[in-house]
Amino acid sequence: MSLSSIAILSPGLLGGSLAMAVRERMPGVEIRVWARREESAQRTRDLGLADAASTDAAAIAAGAGIVVFCMPIGAMPEIAAQIAPAVSREALITDVGSVKQPVVSSLGPIFLGRAEFIGSHPMAGSEQTGIEAARADLFQGAVTFVTPDAETAPGAIDAMARFWEAVGCRVVVASPRQHDEAVALISHLPHLAAAALVQTVLRENPTALDWRGSGFMDITRIASGPPSMWAEILLENRAAVTRAIHALIENLSETARFLEGQDASSIEHYLAEAKRARDRLRKASQ
């Protein structure tokens, strides 16, 4: 796609990785980075990730072809209000937040009549945080949601999709509600399940953790994600996440009934069905 400059607001894991991906895959594009603290801005300069880095969000966003919010969801409206008077009317504004309905509802009106806002969510995070964990291939092959609403121009959807494809993503277009319901099941619930597994062992038999194997560490890896960030995500998507929790509880209750009834056939069928589905996913990812 034709793009002369991009403004990345907050150079953490996702923002830093996006800067690296643009640098590698979109040569000639000017990369501008906003950081809340001067030390962070300087770090992006030291790493060679930005052509310009500053703590002045409006100055970084002014004239950029694409502006990407890479900060926690709760911090976005404040910075959006700061940059809205400065952005180009031709700019595309997006974000990488893990919940879309609250972001679209809050940021859309701020940019209405000033620039085109359309939500995004690359499914490309990690339990690690900060620019030190950033890497250029983070988005390679990752599904990225683009979440237009009723106000979004069709051309903006296409342009946003082309941008994410340019940095290596596979784009899925969905409404903000469809996105939030899906990620409650495939992202938010797994994080809670990993945390719940750790908490269950801590409460039932903490000594067992000393005898853990690789399987336990694999399945609980994402419980190492930043608690404050995940608390915000879960609360912002609480309705869909709560429904997902109840569905998981019912699922586990069903397996408990199989075990109590010594129903070997049902247990094996349950496990085999899950194995087939998981094996298909693994093959599709290769």
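Analyst: Let us begin with accessibility: a residue is buried under 20% relative accessible area, exposed over 50%, and partly exposed in between (1.4 Å probe, protein chains only). R257, at 47% relative accessibility, therefore counts as partly exposed. Please note that this is a predicted model, in which local features need pLDDT of at least 70 and side-chain atom pairs count only at pLDDT 80 or more, while totals for chains, interfaces and linings use all residues. Residues are numbered from 1 along each chain as its sequence is written, and side-chain values use heavy atoms, with hydrogens and water left out.

User: With which residue does R257 form a salt bridge?

Analyst: A salt bridge requires a side-chain nitrogen of Lys or Arg within 4 Å of a carboxyl oxygen of Asp or Glu. R257 forms one with E250, and the closest N and O atoms are 3.2 Å apart. E250 is partly exposed as well, at 44% relative accessibility.

User: How many salt bridges does the structure hold?

Analyst: The structure holds 11 salt bridges. One of them joins the side chains of D137 and R135, at 2.7 Å from N to O. D137 is partly exposed at 45% relative accessibility, and R135 is partly exposed at 40%.

User: What is the strand order in the open sheet of 3 strands?

Analyst: Two strands pair if DSSP finds at least two bridges between them. Here the order is β7-β8-β9, with mixed pairing. The edge strands, β7 (119-122) and β9 (170-173), each pair on one side only. Strand β8 (residues 143-147) pairs with β9 in the parallel sense over 4 bridges, and V146 stands opposite V173 in β9.

User: Where does helix α7 lie?

Analyst: Axes are lines fitted to C-alpha atoms, for helices over the stretch in contact (heavy atoms within 4.5 Å). Angles run from 0 to 180 degrees between N-to-C directions. Helix α7 (residues 176-204) lies across β7 and β8, running at about 145° to β8.

Conventions
Helix = DSSP H or I, 4+ residues; strand = E, 2+ residues; numbered from the N terminus.
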